[in-house]
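Dear colleague,

I am passing on to you the structure shown just below, together with an account of what was found in it. Please keep it open while you read.

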Amino acid sequence: MKKTISEFLKTVLIFLAGRFKRLTMYFKKTKTMKDYMMVYYSQAKSAKLTGGKVAWITSGGPVEPLIAMDVIPVYPENHGAMIGASKMGGSLCEVAEAMGYSADLCSYARSDIGCATVNGGPIGGLPKPDMLVCCNNICGTVLKWYEIQARYFNVPLFILDTPFCHTEYTEEMARYVRAQFDDYFVFLEKACGRKFDFEKLNRVGYLSHQGQLLWQAVLDTAMHKPSPMSAFDAFYHLALIVTLRGTKEVIDYYTWLLAYMKDRIARGIGAVPNEKYRLLWDNIPIWHRTRWLSEKFAAHNACLVADTYTTAWCGALRYIDENNFIDSAAEAHARIYLNIGVDQMAKMVIEMIDKYDVDGFVLHSNRSCKPYSFGQLDIQKIVERERGIPCLMLEADMTDERTFSESQISTRIDAYMEIIKERKNKK
Amino acid sequence: MRTAGIDIGSITAKAAIVEDGKILGTKVIFTGYNAEAAGTKVYEELLREKSLDKSAVEKIVSTGYGRNSVNFADKSFTEIMCHAAGAYHLDKKVRSIIDIGGQDSKAILLDEHGKVKNFVMNDKCAAGTGRFLEVMARALEVDLDEFGEISVKSEKPSKISSLCTVFAESEVISLIARGEKRKDIIAGIHESIASRVASMSARIGLIEPLMITGGVARNSGVVKALGKKLNMKIEVLPYAQVTGAIGAAFLATTL
């Protein structure tokens, strides 16, 4: 009883803090990422108080139908990134490992499963879900992970199955994925107890598309030399397009961010003070080491100007038709970077190499993320063959800091930069 | 011009002094727990042996894991750069290097001017390194320096399948318990290192002539197993262990 009361009071406090923040934001000229994230998480964590519903959803899942139905989407993967950045991944993974989960399993899954049982991590755990939405366009692990959580929280689970698009998106695939969107709407009607709001979905879909266009425009500013932003900045600013895609907040924030980056370009300010070498990053960041890596590369006057990871939230833009959101969303979700063949991935990497005019390609072989890491050696070879730029492979893990070897990684980066410098000076 | 190179590895600290393209002398000591002190000690001992004063050396380059703790060095380079420079000065024809040190192994590709074209390093794991051999020598109660000699007598190397040093050690202990011959177990250990290094090297594709450097090059058993596994001739020079320090000394001439 005592525990229930203190839990309730805590929720009330979180709710009030969120409302207060929103009020102060109203008067603030520049709203920061932290402002938005605090309001977002306090709303999600106090949803029970206001009668709202919370859905946990995979990062590549279609979030727009949730927003159209006023369900607050929460992302265990975004939470995983926060856990990693707070260097709490190792200890939460240990909780899952003690429950019997293998250390070879994805560290987002392990830290999420561990965190759900202890309400640990930087924000005291995620709010309990009313439903789960899982799309396997990013990996196969999410299927079992979400099934486990559906059992643990005893809530309904919707699975959107996107076939792997080795080379093309066939008519059969299109019909198959599109039909599941109809199932998704029915699932939401049942979970929310009211008719699906298609009119609102169109508005949300439009905002989602606009948000992605803006995010792409922000990332594009890195084409400028010196680049006004680095991939490390992109890793930070990414949070909104992931969590609030389809809302006006995203538009407001990225409109401001784009203007900010353009202003930096106009004033000649680079993310790395003396940018001499430009690099492309592949895979999910090593969340627990972003600052260290950023300083390490900057010490060599190297800027990681772009990355394949943050581009994923606008990488399928070409398939989206804002006038036909539902049909095109099916295709856009099936054809994301992690759900296509290695040759196509390599093609996209090479496009980015040319677009951002980089001197090298740094690949994080991420122990956790198998679909992202599996074809990397082939992609590296294709890049070396097609563009002849030096590539560097770093073995680490996005969240589990126990797998990181600082002196090894440090030597690799130093040696790699020695090669890059030699090559560039020869030109 | 007289220059010096200091290579602080995880197990040994090496120093080399070169003068006008010639190697004046080299020295190897154990690193111990204080990398900084080891750097000073190995350098001063070498100077004393060669009856040289500190002022007689113009530039110093440090390398190896302890490269940043050599505070009297003018500059530091990674051991990849230094092994490449060292190997190239020892043999201009060399195009690939396998360097097996105490805590890591590397394969390095060189261009025709001795510059690093590409390299690959082992994952953060002791298998395929000198440390792996040290652990095994302890388990087998054999002096590491005798490893090579003992293993070449083996006709039927034991099979060590584990990729993990700790598991491989228990595998070795169970082989001992099963009564397998020491020479076969040691030969099996060498083959296990050779497989590990060979599969890593395949990532960049080795080109002959191939040279082996680093402390493990002193072990003829590993060199033999590696040559067999790669189906390549491997050049082993008496300077193998100090190649990084020599390379550092040569790089110092360019400062």
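Before the sheet is described, one term is needed: two strands are said to pair if DSSP finds at least two bridges between them. Please also bear in mind throughout that this is a predicted model.

With that term in hand, strand 7 of chain A, which covers residues 360-366, is joined to strand 8 of chain A by six bridges, and the two strands run parallel. Within this pairing, Val362(A) stands opposite Leu392(A), which belongs to strand 8 of chain A. Both strands are part of an open sheet of four strands in chain A, whose order is 6-5-7-8 and whose pairing is parallel. Strand 6 (302-307) and strand 8 (391-396) of chain A form the edges, each of them pairing on one side only. On average, and with direction ignored, neighbouring strands of this sheet are turned by 30° against each other.

Helix 18 (residues 376-387) of chain A lies across strand 5, strand 7 and strand 8 of chain A, and it runs at about 165° to strand 8 of chain A.

Turning to chain B, you will find eight helices and 10 strands. A compact globule of 255 residues would have a radius of gyration near 18 Å, and chain B, with 18 Å, agrees with this. The C-alpha trace of chain B spans about 60 × 35 × 30 Å along its principal axes, and buried residues make up 50% of the chain.

Where the chains meet, 13 residues of chain B are in contact with 12 residues of chain A. On the chain B side, helix 2 (79-90) and strand 8 (116-121) of chain B are the elements that give two or more residues, and the largest share, three residues, comes from strand 8 of chain B. By class, this side of chain B has seven nonpolar, one polar and five charged residues.

With best wishes

Notes
Residues numbered from 1 in each chain as written. Chains lettered and ligands numbered in written order. Predicted model: local features only at pLDDT ≥ 70, side-chain atom pairs only at ≥ 80, totals over all residues. Axes fitted to C-alpha atoms, helices over the stretch in contact; angles between N-to-C directions. Contact = placed C-beta atoms within 7 Å. Rg over C-alpha atoms; globule rule 2.2 N^0.38 Å. Buried ≥ 20, exposed ≤ 12 C-beta atoms within 10 Å, placed from the backbone. Nonpolar A, V, L, I, M, F, W, Y, C, P; charged D, E, K, R; others polar.
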